[in-house]
Amino acid sequence: MLVYVIRRIFVLIPMLVVISFLVYLGLELTPGDAVSSLINPEVASRITPEQLQALRESYGLNDPFLVRYVIWLGNIFQGNFGHSLAGGVPIATIFLDRLPATLELSFVALLFSTIIGCILGTISALRRGSPTDNFLTVFGMLGVSVPEFLFGLSVMLIFALNLGWLPAGGRLMPGYETIWDRAPHIVLPAMVLSLMMTAGVMRYSRSSMLDALTRDFIITARSKGLPEWRINLLHGFRVALTPVVVLIGFRLPLLIGGSVIIEQVFQWPGIGNEFITAVRGSDYPLVMMIALFSVFAVLMASLIIDVLTALIDPRVRLN
Amino acid sequence: MTNNPNVALSVKDLKTYFYTNSRCNKAVNGVSFEIEKGKTLCIVGESGCGKSVTASTIMQLLPKLSRIEQGEITYHSDAGDISIEELEPNGRKMRSIRGSEIAMIFQDPMTALNPVYTIGFQIGESLKYHTDLDRKQIRTKTIELLRNMGISLPEMRIDDYPHTFSGGMRQRAMIAMAMSCNPKILIADEPTTALDVTIQSQIFELMEKLKTDHGTAIMLITHDMGVVAELADNVAVMYMGNIVEAGTVDQVLRNPVHPYTRALLDSIPVLGMGKDQIIEPIPGSTPDPYNRPIGCQFAPRCSYAVDACDVMPDESYIDKTHRVMCWRYQELLPNAKK
Ligand SMILES: Nc1ncnc2c1ncn2[C@@H]1O[C@H](COP(=O)(O)OP(=O)(O)OP(=O)(O)O)[C@@H](O)[C@H]1O
Ligand SMILES: [Mg+2]
């Protein structure tokens, strides 16, 4: 198992190198050179061209492109992501500031959509052709096709503005920081963010479950005199789960991408929100680093999913 | 039907129909037979004649589109007779019989085991639901079962997943699973079709041993006449949902009466029946199951067919054990001896 994980990590490395290289290329091509992004702009404006030149030399900015890339990569490994153009804040600080909010939202949405999606899909499969199944199928189609911002604005209108049950936006109010004060804030954005994925997981687990239930070992299980719940859950659902986990893995980027819009709609102070601000302000270094980070997150997610799949399916574990 | 106390299961005029696209397939159309304790009944017949459907009807494992139309399936348990056809298919009573009193082995050991659970878990499931053994005892018993089925190092293999087992070993594991609760009846639906010949004979040896050691009544579905000659005590020949001829193995193999039985025997080389047997395929092909002949199902392919064959023939007893479904059986009797 450990060998498997390590091997998967080694596969990731070349991908990360290629992508970071592309990001670096992007950074190079954007106006203003790396000095402006590496050095605090406040400081940069006060130094003379000679000093700047010396600085360039000392930072190795006059070195060949590839050497500079390697140095940049080394910096990243040390947590030095450069500075944002707006206000000269180190990008690492921005990440530390904004990342927890995004991860919190994505994690809650992921958890929500996985659990609800699997439960609904399984019910749908077991009650195939019933009104419940038909209703859930329609719900699934809507869930996949309604744009997130539209859904986001409507639930905000209903639950926050009209009914007043839940706050319309933000993540926490100053001074109210217990989990119970914070929970209501995350409900709406997490619900909207996970809607599409819930619908997808539901539809997929339904068909995966239906498929599993037609397999021979279900008959074997039944021929042993096992109760139906055990046949459906332990034999059917357990086997149906593997492809669902893979699907969730493929959908993870959707969560990260989707959170850009949702964070905007609900004023959620996460990376996605920061991303929009950075794009508007042409804050290239920040945009690039967020892009790099997203890619990294997606790759890590796929690694986690692979490991999970291997844990779930004994056949994958060996080869 | 006799009142033989050795009978473990009797099936009487059983009809199982399939309903697909509002058409009706009379897959099993009135079969009667008995399985005796410590005896093997072989069911033979061409593909699609309803052998598997008969087996799943007894186990109440029919797919949704089908149902028992008519007939009786009586399991003569130690605690009295049970009418299986009256039980709720997945109800408590039926479940308590399945796996513990009547067990089944399937054709394809590659797909019949759940890939995500260990062999030990899957055998243990039966024991868990049908016995009072605790976890540890179940494990000990499972290891013992695997050892009895000739699996080496059962203490280690018990925790392996099915994909690490060969086909033959999987079928052994399946048999171990089926035999775990010492069932009175074992139904084996072509248990060796997916296996090679040497493994095949080993599996049959195992089944033979179970029969003599535990007095298990075995219903063996097979295509292989060699297997029938070797293992069967009784034989039932099925054609298009009917048992056209049934009797002891000698009666059916040595003195076949029904034209279909004869054609079937002529179409398959029989091991140990000499080299110079003439092999002749059965003329014509099996009719469309949705559009069956009205009378004798075999009539369109039968060289003895007469007008009377437009009506379904009765079951006629040649003697106490040998019966046949053919209008002209008496004419055929004298030349039955090969
Ligand atoms: N799940 C099903 N749905 C619809 N029809 C079925 C189904 N299973 C069997 N049948 C029909 O029932 C009839 C008997 O099939 P059965 O499987 O019992 O044949 P068999 O004798 O076991 O053949 P084989 O030797 O190929 O296994 C066939 O006409 C078949 O088309
Ligand atoms: Mg069959």
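In chain B, helix α1 (residues 51-59) lies across strands β3 (40-44), β6, β7, β8 (217-221) and β9 (234-239), running at about 145 degrees to β8(B). Contact here means heavy atoms within 4.5 Å. Axes are lines fitted to C-alpha atoms, for helices over the stretch in contact, and angles run from 0 to 180 degrees between N-to-C directions. Helices (H or I, at least four residues) and strands (E, at least two) are DSSP runs, numbered from the N terminus.

This is a predicted model, in which local features need pLDDT of at least 70 and side-chain atom pairs count only at pLDDT 80 or more. Residues are numbered from 1 along each chain as its sequence is written.

**Sheet of chain B**
- Helix α11 (residues 259-267) of chain B lies across β3, β9 and β10 (242-248), at about 100 degrees to β9(B).
- An open sheet of 8 strands has the order β6-β7-β8-β3-β9-β10-β12-β11 in chain B, with mixed pairing; two strands pair if DSSP finds at least two bridges between them.
- Its edge strands, β6 (102-105) and β11 (316-317) of chain B, each pair on one side only.
- Strands β6(B) and β7(B) (residues 185-189) run parallel and are joined by 4 bridges.
- B:M104 has B:I187 in β7(B) as its bridge partner.

**Helix crossing in chain A**
- The axes of α6 (residues 91-126) and α13 (residues 284-312) of chain A come within 11 Å and cross at roughly 55 degrees.
- The contact involves residues including A:F95 of α6(A) and A:F293 of α13(A).

Technical notes:
Chains are lettered from A and ligands numbered from 1 in the order in which they are written. Side-chain values use heavy atoms; hydrogens and water are left out.
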